[in-house]
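Dear colleague,

I am handing over the structure below, and I would be glad if you kept it open while reading the notes that come after it.

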Amino acid sequence: MLNNYSFLASLAISSGYAISSEKKDQDFLRAHAIIHGRVQGVFFRASTRDEALRVGVAGWVRNLPDGSVEALFEGETLKVEEVLGWCHKGPSGARVSGVDITFEPYKGEFKRFDIRYGY
């Protein structure tokens, strides 16, 4: 049976998504994601915030000038992985074409989840 990271990595690789790992702590996870496709103007940021709050993940989300959306998630591993899985689909108006995920060392830097404005 694959562990959670192996499953997520297998899913990402088989779906054509880029993934790199520096995950060291099995209980908590920090993940940086760039979501590509039709992801601006479809409430992707607000929906990401709502999903993160629903599962109890901290961090932030923002639009990028190239039309993609960037997000940073921190929290319990399973919860972060759940939000990352959601990012592959997004809200109903979105058309996600790819998600680049980089796992980073957990810092516990955030206490809430925010929408950021500006680049």
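What follows is an account of what was found, arranged by region. Please bear in mind throughout that this is a predicted model.

I begin with the core. The largest nonpolar core has 26 residues, and those with the most contacts inside it are Ile-35, Phe-44, Val-57, Phe-73, Val-80 and Leu-84. At least two residues of this core come from each of β2, α2, β4 (69-76), α3 (77-87), β5 (95-104) and β6 (113-115), and α3 gives the most, with five residues. As general background, nonpolar side chains tend to be buried together in soluble globular proteins. For Ile-35, once its neighbours within four places in sequence are left aside, the contacts are Phe-44, Ser-68, Val-69, Cys-87, Val-96, Gly-98 and Val-99.

Next come the aromatic rings, for which the count comes to three pairs. One of these is formed by Phe-44 and Trp-86, whose centres are 5.5 Å apart and whose planes are at 50 degrees, an arrangement classed as tilted. This pair links distant parts of the chain, since Phe-44 lies in helix α2 and Trp-86 in helix α3, 42 residues apart. Phe-44 counts as buried because its relative accessibility is 1%, and Trp-86 also counts as buried, at 18% relative accessibility, the cut-off being under 20%. Another pair is that of Phe-73 and Phe-113, with ring centres 5.7 Å apart; the planes are at 15 degrees, so the pair is stacked. Here too distant parts of the chain are linked, with Phe-73 in strand β4 and Phe-113 in strand β6, 40 residues apart. Both Phe-73 and Phe-113 are buried.

Helix α2 deserves a paragraph of its own. The helix has twelve residues and reaches 16 Å from its first C-alpha to its last, close to the 16 Å expected at 1.5 Å a residue. Its residues Phe-44, Ser-47, Thr-48, Glu-51, Ala-52 and Val-55 are buried. Seen down the axis of α2, the buried residues fall within an arc of 135 degrees, so they line one face of the helix. What do the buried residues of α2 pack against? They pack against β2, β3 (58-63), β4, α3, β5 and β6.

Phe-43, found in the loop between β2 (28-38) and α2 (44-55), has a phi near 65 degrees, a positive value in a residue other than glycine. Most residues other than glycine have a negative phi, which is the reason for mentioning this one. Is Phe-43 buried or exposed? Phe-43 is exposed, with a relative accessible area of 66%. After α2 comes Gly-56, whose phi is positive as well, near 90 degrees.

A further glycine, Gly-90, has its place in the loop between α3 and β5, and is buried, with a relative accessible area of 5%. Leaving aside neighbours within four places in sequence, Gly-90 is in contact with Phe-44 and Val-96. Gly-90 and Thr-48 are 42 residues apart in sequence, while their C-alpha atoms are 7.5 Å apart in space.

β3 and β4 run antiparallel and are joined by six bridges, with Asn-63 standing opposite Val-69 in β4. The hairpin of β3 and β4 has five residues between the strands, and in this hairpin Gly-67 takes a positive phi near 95 degrees. β3 and β6, by contrast, run parallel and are joined by three bridges, and the bridge partner of Val-61 in β6 is Ile-115.

With best regards

Key:
Residues are numbered from 1 along each chain as its sequence is written. This is a predicted model: local features need pLDDT of at least 70, side-chain atom pairs count only at pLDDT 80 or more; totals for chains, interfaces and linings use all residues. Side-chain values use heavy atoms; hydrogens and water are left out. Helices (H or I, at least four residues) and strands (E, at least two) are DSSP runs, numbered from the N terminus. Buried means under 20% relative accessible area, exposed over 50%, partly exposed in between (1.4 Å probe, protein chains only). A nonpolar core is a set of buried Ala, Val, Leu, Ile, Met, Phe, Trp, Tyr and Cys residues joined through side-chain atoms within 4.5 Å. Contact means heavy atoms within 4.5 Å. Rings of Phe, Tyr and Trp (its six-membered ring) pair if their centres lie within 6.5 Å; planes under 30 degrees apart count as stacked, over 60 as edge-to-face and the rest as tilted. The expected span of a helix is 1.5 Å times one less than its number of residues. The arc is that of the directions from the helix axis to the C-beta atoms. Two strands pair if DSSP finds at least two bridges between them.
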